[in-house]
Amino acid sequence: MSRPTGRVLTLLELLQSGGTRTIAELAERLGVDGRTVRRYVDHLIDLDVPVEAVRGRYGGYRLGPGHRLPPLMLGEDEAVAVLLGLVAGRRTGLTTATATAGETAAAKIRRVLPRPLAARVDAVLESLAFTEPAGESAAPDAGILLTLADAVRHRRPVAIRYTDREGRRGDRTLHPQGVVAHAGRWYVTGRDPGIGEDRTFRLDRVTDARLLPGSFEAIEGPDPARRVLSGFATALYRHEVTLRIRGTAEQIRTRLPASVASVTALPGTGPPSPAPEPADAREPDRSDASDVSDASDGPPWLRVEVRAERLDWLPPVLAALDLPFVVERPDELRELVVALADRFARRARRA
């Protein structure tokens, strides 16, 4: 590669780093004069790279949006960061379109790396392990994701075609508030103007999205991520569980996150206290309601509501919390807790 060609590529890399670069700055970085900088810019324009001239005292050149992606210049650290991001996104399921797109993008970057750096990157990828299993969810369509993101930014209503968990297809209108990535899936959350309620949809089940005329006002309330998590906690499941747990919300959230359970203060107990649980705290008698409301000697009692398809996972979670609790409903859960406690007691007595 001749030296002028190398400088032209260096100029492209400088412009891709963002912002407006003055002619004096570019000339100093390239080791040439201002006239040569202008000639190099003309070379980029001839290659259909959208370089814009900015006039004024602080003018110069900047890279503008074009009708196609220009040649991308990445430093070594940047290339490694992009590769690792593609690998992590594929593992967690947070990729758009198909897995093939991520694989081909990674292969293109890997192919142009300098040989020593490519060998080191290969060593990282070969030695890399994940504590979570690979994402198995279907990736959303990139065009649908971009359409919904545009609707969120400009507060535009959107019409979507959606397939629910039962396989039923239908058309919905949504005032989208945000796009949320959670547990290997993408979601869009917003207000359904037809019924006046908040709704959350999985993006991989959206087969079409179309912007509609008009706009809508921002909805007051929790941010999109909190809306999605609260939606999980209040979704319709087979069992509706109500507990009273004595402890702080932070302690409860270590085992029952917001996507699983809702935590609220009991009437008359006041706000949750950050104080730790006393070492001698014991489970109150279910028949004595006064014990539940008395939080003067420690953290308050909080109401915890969980919706679940199965109950067998809850007794071990309550045991791991190691906090006083009362099962209000259902009776089936109380029986499972007693059975687990009996098993623990029998095994603890074994020689």
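Me: Where is the place of R155?

Reply: First, how elements are named: helices (H or I, at least four residues) and strands (E, at least two) are DSSP runs, numbered from the N terminus. Here, R155 sits in the loop between α7 (142-154) and β3 (158-163). This is a predicted model, where local features need pLDDT of at least 70, side-chain atom pairs count only at pLDDT 80 or more, and totals for chains, interfaces and linings use all residues. Residues are numbered from 1 along each chain as its sequence is written, and side-chain values use heavy atoms, with hydrogens and water left out.

Me: What phi does R155 have?

Reply: R155 is not a glycine, yet its phi is positive, about 55°.

Me: Is R155 buried, partly exposed or exposed?

Reply: Start with the cut-offs: buried means under 20% relative accessible area, exposed over 50%, partly exposed in between (1.4 Å probe, protein chains only). R155 counts as partly exposed because its relative accessibility is 39%.

Me: Where is D322 found?

Reply: D322 is in the loop between α11 (314-321) and β11. D322 also has a positive phi of about 55°, although it is not a glycine. With a relative accessible area of 60%, D322 is exposed.

Me: Which peptide bond is cis?

Reply: Look at omega. The bond from R329 to P330 is cis, with omega near 0°. P330 lies in the loop between β11 (325-329) and α12 (331-349).

Me: Which residues gather in a patch of negative charge?

Reply: Patches are made of residues with over 30% relative accessible area and no salt bridge; like charges are joined within 9 Å, and nonpolar side chains (Val, Leu, Ile, Met, Phe, Trp, Tyr) within 5 Å. A salt bridge is a side-chain nitrogen of Lys or Arg within 4 Å of a carboxyl oxygen of Asp or Glu. Asp and Glu count as negative, Lys and Arg as positive; His and the chain ends are not counted. A charge is placed at NZ of Lys, CZ of Arg, CG of Asp or CD of Glu. In this model, the surface patch is formed by E13, E76, D77 and E78.

Me: Which helix gives the most to the negative patch?

Reply: Helix α4 (residues 76-92), with three residues. D77 is found in α4. D77 counts as exposed, at 69% relative accessibility.

Me: How many helices and strands does the protein chain have?

Reply: The chain has 12 helices and 11 strands. Of its 351 residues, 32% count as buried. Contact means heavy atoms within 4.5 Å. Among contacts between residues at least 6 apart in sequence, 67% join residues at least 24 apart.

Notes: Accessible areas come from the Shrake-Rupley method with a 1.4 Å probe; for residues, only the protein chains shown count as cover.
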